[in-house]
Amino acid sequence: MSFGGLFDGGTCGGGGAHLVADMAYGSSARAISHPSILSPSLRSHSMFNSPGLSLALQANLTAQGDQNSDPVAGGGGADVSDSARRRKEDENDSKSGSDNLEGESGDDLEQENPRKKKRYHRHTPKQIQELEALFKECPHPDEKQRMELSKRLCLETRQVKFWFQNRRTQMKTQIERHENSILRQENDKLRADNLSIREAMTNPMCCNCGGRAVLGEISLEEQHLRVENARLKDEFDRVCALVGKFLCKPISTLSNSPPPPLSFVLNPSLELANGFASVLPPLSTVMTLTRAVAGGGAAFTGAEKSQERCVFLELALAAAEELVKMAQMEEPLWVSCSDTGRESLNYDVYDQCFKRCLGPRPSGFVSEASRETGEVVINSSALIETLMDAARWADMFPSVIARTATSDVISVGVGGTKNGVLQLMHAELQVLSPLVPVREVRFLRFCKQLADGAWAIVDVSLDATKGDPLKCRRLPSGCVVQDKFNGYSKVTWVEHAEYDEATVHPLYRPLLRSGLALGARRWVATLQRQCQSLAVLMSSSLPDDDGDKTAIAPAGRRSLLKLAQRMTDNFCSGVCASSAREWSKLGGGVNIGEDVRVMTRQSVADPGEPPGVVLSAATAVWLPVSPQRLFDFLHDEQQRSQWDILSNGCPMQEMAHIAKGQNAGNAVSLLRSSGASSNQSSMLILQETCTDASASLVVYAPVDIPAMHLVMNGGDSAYVALLPSGFAILPDGGSGGLKPPGGSLLTVAFQILVNSQPTAKLTVESVETVNNLISCTVQKIKAALDY
């Protein structure tokens with residue numbers, strides 16, 4: 001760029017002054033490419049404060065320099081081009097007095113630059129208030145909102161638009177500044193932690209002798225191992241303190257030598273009458289923790305979970321001690337009743353001997369406690385495996401357990417055994433009656449080997465510690481098992497529970513209080529009957545059929561027994577409103593009996609049931625006959641025509657019979673009406689009868705002859721569709737003075753397919769038909785028994 005003789009002395013006498021006059025309205029010295037052009041006085045006292053004008057001046061000087069003319073000639077200074085002027089106007093319009101927090105006012109700019117016209121002004125407080133109010137509601141107003149606001153505030157639409165843009169930018173800046181402040185604080189904290197960790201790593205301590213270790217720099221992995229080792233050592237110390245409560249001397253903490261064996265010692269005065277040893281083997285849960293510490297493994301995941309499991313362990317140990325004592329103690333803790341032959345718990349003595357591990361009994365709850373001893377056809381190891389498996393436990397007690405599941409395994413056993421297993425379980429316990437609600441319990445199950453061939457399994461509820469709505473809780477309950485000769489085991493069962501009696505029908509309250517419904521006798525009697533049935537099912541040589549009945553091959557018998565077991569399980573799930581099946585209770589507005597409960601569900605993809613809408617109806621009545629007499633009447637095929645409409649008024653003929661135990665009442669049968677010929681009827685009745693000292697069942701279902709031929713030949717019974725019906729018989733428990741003693745509580749239940757379309761709606765006629773069927777059946781039974 002050429003400036004000619006602009007600064008030559010003598011040739012440009014007035015040029016310097018003319019240049020200064022023009023530069024008063026120009027830009028800063030940075031707009032001139034060569035710093036030596038200006039004098040030192042001009043460089044130190046710059047008068048160029050307007051960036052827009054400086055650009056214009058530079059452009060003008062460049063243009064004039066290219067033409068080899070005087071840049072200040074013409075005497076009027078640099079004129080701003082039209083395009084530059086329009087850009088400057090847009091910039092000025094985008095500013096407002098509310099957001100130009102650090103700028104100058106319009107009057108100041110006008111005094112500094114008298115040639116520049118004032119382009120913006122401060123907003124009034126009212127305008128700012130209106131703008132701020134709308135910004136709080138809508139930071140991004142649309143064109144319509146901006147136009148309305150500009151008219152109301154006497155502003156241009158573009159001013160409103162630019163104000164909102166600047167306000168959003170200001171808000172974003174404030175948020176970023178706040179976030180940066182927080183991040184800066186966190187960064188300072190992390191830097192301080194890093195410095196403390198580095199200082200600790202430079203001064204390592206020996207975990208064996210406690211002295212300083214000369215190891216130089218410690219790797220990050222080794223540092224993590226040291227922290228993990230310290231955590232495990234603390235856990236081990238806590239467990240040792242916990243177990244020390246049950247020992248005569250304290251447990252030594254972790255040392256260089258392997259941890260000593262831990263023993264669970266009972267008072268020698270509490271020696272079991274059946275020969276249990278007073279000193280028990282090592283506690284597996286503590287040994288698991290000990291081996292985890294010594295071997296470097298982690299027994300738990302996290303400090304909180306570790307503390308929770310320690311609490312579970314302490315509760316399980318206290319419950320196991322209480323169960324073993326209650327299983328072997330006699331009077332005055334247990335008082336025998338000469339009339340009933342049952343034992344009742346003396347709660348005064350109980351409160352003196354035991355500290356309630358679940359706290360006092362909740363207000364409004366009642367207690368039930370019972371104890372029963374019996375021999376079962378199963379060895380202790382097999383029984384323990386069954387009780388510790390949720391699915392097998394439910395199969396062993398199908399009429400008592402509606403549903404069960406294992407939520408968590410807190411501790412595994414020692415050496416692959418069940419000794420020391422502690423697991424969290426959930427179960428729904430049922431009484432086969434629509435008038436008794438299902439008991440939902442959440443409990444710990446702990447297995448402990450007492451001696452060779454001697455085991456204890458204890459359950460204790462956790463509902464009280466979790467704050468859940470409490471309706472029932474199990475105090476320490478379970479069984480003590482000891483091996484006997486010839487594969488038998490001696491089982492001592494203790495059942496202790498507290499529940500809300502207000503939810504139970506008055507007819508069943510005496511039964512529950514006596515412990516006959518869900519007490520120890522029910523568990524032991526069911527266990528004895530099921531073990532006999534399993535022995536028959538698992539036998540390689542099943543007994544022959546009686547008389548001249550239809551011969552069934554061994555494979556066909558097993559298939560038939562499995563079908564009967566599925567039928568009974570479905571019957572039990574239809575009597576009680578458990579979550580095992582998705583039943584929907586039928587509301588009011590239907591003409592049904594007061595004590596009749598009707599439920600429905602849709603059967604869609606179950607091969608063991610016909611597709612469609614299934615209706616289940618059940619009721620319970622009291623009858624003044626003994627449970628044995630009522631069972632003999634209902635399962636006798638010769639008297640079946642007196643109450644069963646499927647018999648067509650004729651006696652039933654037993655086509656096949658499979659015994660399931662020593663009691664003749666435990667059997668599976670195939671029945672057929674003697675009044676119908678083989679050419680006239682294609683239907684058989686599959687029936688299973690079960691009876692023991694606590695309850696009896698008569699369950700039946702109509703089945704097709706072709707399907708039964710397939711099953712009896714060893715085919716898969718899972719695809720045989722059936723809907724069960726039947727009866728459940730329970731003793732009345734004395735009826736509490738409401739009824740004469742010695743009666744029975746009879747539950748009558750039917751499951752019927754009312755529509756073959758699963759999406760069909762239930763009709764009132766179908767419900768009334770089932771209700772009439774139940775009422776008619778009950779009346780026929782009463783008439784046949786002369787009641």
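## The loop between α11 and β3

P332 is placed in the loop that runs between α11 (303-328) and β3 (334-336), where helices (H or I, at least four residues) and strands (E, at least two) are DSSP runs numbered from the N terminus. The peptide bond leading from E331 to P332 is cis, and its omega is near 10 degrees.

This is a predicted model, in which local features need pLDDT of at least 70 and side-chain atom pairs count only at pLDDT 80 or more, while totals for chains, interfaces and linings use all residues. Residues are numbered from 1 along each chain as its sequence is written, and side-chain values use heavy atoms, with hydrogens and water left out.

## Packing of α6 against α7

Helix α6 (residues 125-137) packs with helix α7 (residues 143-153) at an angle of about 160 degrees, and their axes are 10 Å apart; axes here are lines fitted to C-alpha atoms, for helices over the stretch in contact, and angles run from 0 to 180 degrees between N-to-C directions. The two helices are therefore roughly antiparallel to each other, a term used for angles over 145 degrees.

The contact (heavy atoms within 4.5 Å) is formed by Q127, E130, L131 and L134 on the α6 side and by L149, R152 and L153 on the α7 side. By class, these residues divide into 4 nonpolar, 1 polar and 2 charged, where Ala, Val, Leu, Ile, Met, Phe, Trp, Tyr, Cys and Pro count as nonpolar, Asp, Glu, Lys and Arg as charged, and the others, Gly among them, as polar.

## From α7 into α8

C154 lies in the loop between α7 and α8 and, although it is not a glycine, has a positive phi of about 60 degrees. With a relative accessible area of 71%, C154 is exposed, the limits being over 50% for exposed and under 20% for buried, with partly exposed in between (1.4 Å probe, protein chains only).

Q159, by contrast, belongs to helix α8 (residues 157-202) and counts as buried at 14% relative accessibility. The side chain of Q159 reaches the backbone nitrogen of E156 at 3.1 Å.

## The loop between β11 and β12

A positive phi also occurs at N486, a residue other than glycine, where the value is near 55 degrees. N486 is found in the loop between β11 (477-483) and β12 (489-500), and its relative accessible area of 69% makes it exposed.

## The chain as a whole

The chain contains 21 helices and 21 strands, and buried residues make up 44% of its 787 residues. Of the contacts between residues at least 6 apart in sequence, 63% join residues at least 24 apart.

How values were computed
Parallel < 35°, antiparallel > 145°, perpendicular 65-115°, else oblique. Polar contact = N/O pair within 3.5 Å; in protein donor to acceptor, adjacent residues only side chain to side chain.
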